[in-house]
Amino acid sequence: MEVLFPKELIRQEVSGRRWVPIPGEVREVYRLWRPTPLYRATGLERALKTPAHIYYKYEGVSPPGSHKPNTAVAQAYYNREEGTERLTTETGAGQWGSALAFADMFFDLETIVYMVRVSYEQKPYRRVLMQLYGAKVYPSPSDRTEVGRKILEEDPDNPGSLGIAISEAVEECIRGERTKYSLGSVLNHVLMHQTVIGLEALEQLRELEEYPDKVIGCVGGGSSFSGLFWPFYYEKKTGRSPKPVEFIAVESTACPSLSLGEYLYDHGDSGRIIPLVKMYTLGHEFIPDPIHAGGLRYHGMAPTLSLLVRRGEVEVRVYDQVEVFNAASRFIRAEGFIPAPEPAHAIKAVIDEALRCKETGKEETLLFLLCGHGHFDMKAYDDFLQGRLPPYRYPREKIEESLDRLKKLYPWITKR
Ligand SMILES: *Cc1c(COP(=O)(O)O)cnc(C)c1O
């Protein structure tokens with residue numbers, strides 16, 4: 001682990017400490033956009049004619065436009081403290097890469113980003129954003145690493161995946177001097193940094209004398225949703241919640257790790273460099289279909305969230321991209337904000353819950369995370385408006401094949 005991460009982040013990864021203070025220098029950067037606003041969705045409530053009280057915490061006000069700088073800034077700080085000079089990472093559509101490049105600016109770190117090739121080619125604007133923040137950005141698979149060269153030899157047109165990009169970033173980290181690697185989701189320390197979202201939301205709702213019946217968020221690797229719900233989960237488990245609050249994680253039919261994956265040991269990366277973790281997974285060879293525009297494309301899931309889903313403490317919903325963009329479009333007309341496609345998954349679940357409240361006459365309080373704006377996702381919105389986005393489900397057979405290969409590779413993972 002010490003090859004990849006600074007010691008303090010490893011300590012946070014494995015520690016049982018309940019509270020970790022936010023360092024002053026990190027707070028100084030957070031001040032640019034934190035605390036983030038909590039909105040009551042009065043427009044959406046009116047449009048749906050629901051008795052539900054709908055609230056959303058909006059993380060799109062950060063300069064890169066999502067929740068991701070909450071952990072990027074903390075990671076950059078701890079790395080600088082321990083003498084790191086360069087951080088390598090992967091990015092899909094560019095949200096994580098732009099957050100890390102942004103954070104590294106404040107701590108004089110160099111940023112190297114491996115960007116999934118289809119996104120690099122089809123979504124140039126986030127690449128430009130990363131470059132404006134000073135990062136070096138390479139399309140993945142690339143010819144800069146052994147993993148990348150091997151993949152390109154077998155398939156020169158490989159569109160790339162997060163799993164492949166992670167392997168490349170990790171390889172470059174291992175080779176480099178004073179170089180560490182940085183991950184934008186999944187790991188415990190990343191989720192912990194994101195709890196600033198839930199802690200603020202708890203205080204903001206308290207001021208309004210409200211408490212959620214349901215806390216809802218989209219899940220790719222699980223960091224933004226965990227950041228929102230962990231503080232409420234802690235209250236529930238320690239008998240402090242005034243209500244039996246429930247938690248709903250929302251994923252995409254294009255990448256259904258929690259709903260159709262299996263709870264197994266698997267690698268977080270396609271190159272199998274990263275140690276095995278127990279999580280819901282579609283198999284580390286997963287490559288998302290390019291037809292899918294909704295984000296949330298990671299084959300695995302945070303181990304902590306996987307465990308809570310396994311125990312039935314977090315409920316899972318899954319929607320296809322047409323349902324999701326329809327929900328986003330209703331939200332835009334009612335509230336004005338353009339959500340990123342990822343949180344639009346949460347919006348779909350919220351609308352369903354609010355309509356259920358209308359049927360039953362229940363005045364529930366719903367809290368969800370609007371974890372990023374969609375200003376860089378106009379291509380996806382345009383495709384939606386032109387009717388070019390078909391509903392899409394990742395085929396069950398492909399999941400089974402990929403998991404069969406994983407079980408053959410490590411026969412012990414299926415034993416109890
Ligand atoms: C990265 C990202 C996600 C998915 O990652 P999580 O770790 O599940 O939060 C969701 N929404 C936005 C806006 C993102 O940038």
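In which loop does Pro35 lie? Pro35 sits in the loop between H2 and strand E1 (38–40), where helices (H or I, at least four residues) and strands (E, at least two) are DSSP runs numbered from the N terminus. The model is a predicted one, in which local features need pLDDT of at least 70 and side-chain atom pairs count only at pLDDT 80 or more, while totals for chains, interfaces and linings use all residues. Residues are numbered from 1 along each chain as its sequence is written, and side-chain values use heavy atoms, with hydrogens and water left out.

Most residues other than glycine have a negative phi, and most peptide bonds are trans. Arg34 and Pro35 are joined by a cis peptide bond with omega of about -5°. Another cis bond runs from Ser140 to Pro141, with omega near 5°; Pro141 belongs to the loop between strand E5 (136–140) and helix H8 (146–154). Arg178, although not a glycine, has a positive phi of about 45°, and this residue is found in the loop between helix H9 (162–175) and strand E6 (179–181).

On a 1 Å grid over the protein atoms alone, a pocket is an open set of points where a 1.4 Å probe fits, with protein on both sides within 12 Å along at least five of seven lines, and lining residues have an atom within 4 Å of a point. The lining of the second largest pocket counts 39 residues, and Arg17, Arg18, Met192, Thr195 and Trp230 lie nearest its centre. Elements giving two or more residues to this lining are helix H1 (7–14), helix H2 (24–30), helix H4 (69–81), helix H10 (188–207), helix H11 (223–237) and helix H13 (303–310). H10 supplies the largest share, 10 residues. By class, the lining has 20 nonpolar, seven polar and 12 charged residues; here Ala, Val, Leu, Ile, Met, Phe, Trp, Tyr, Cys and Pro count as nonpolar, Asp, Glu, Lys and Arg as charged, and the others, Gly among them, as polar.

Helix packing involves some of these elements too. H10 and H11 pack at about 60° with their axes 6 Å apart; axes are lines fitted to C-alpha atoms, for helices over the stretch in contact, and angles run from 0 to 180 degrees between N-to-C directions. H10 is therefore oblique to H11, as angles under 35 degrees count as roughly parallel, over 145 as roughly antiparallel, 65 to 115 as roughly perpendicular and the rest as oblique. The contact of H10 with H11 has 12 nonpolar, eight polar and two charged residues.

For H11 and H13, the angle is about 55° and the axes are 11 Å apart, so H11 is oblique to H13. Phe225, Ser226, Phe229, Trp230 and Tyr233 in H11 meet Thr304, Leu305 and Leu308 in H13, contact meaning heavy atoms within 4.5 Å. This contact of H11 with H13 has six nonpolar, two polar and no charged residues.

Helix H14 (residues 321–335) and helix H16 (residues 378–385) pack at about 100°, their axes 11 Å apart, so H14 is roughly perpendicular to H16. Val322, Phe325, Asn326, Ala328, Ser329 and Ile332 of H14 make the contact with Ala380, Tyr381 and Phe384 of H16.
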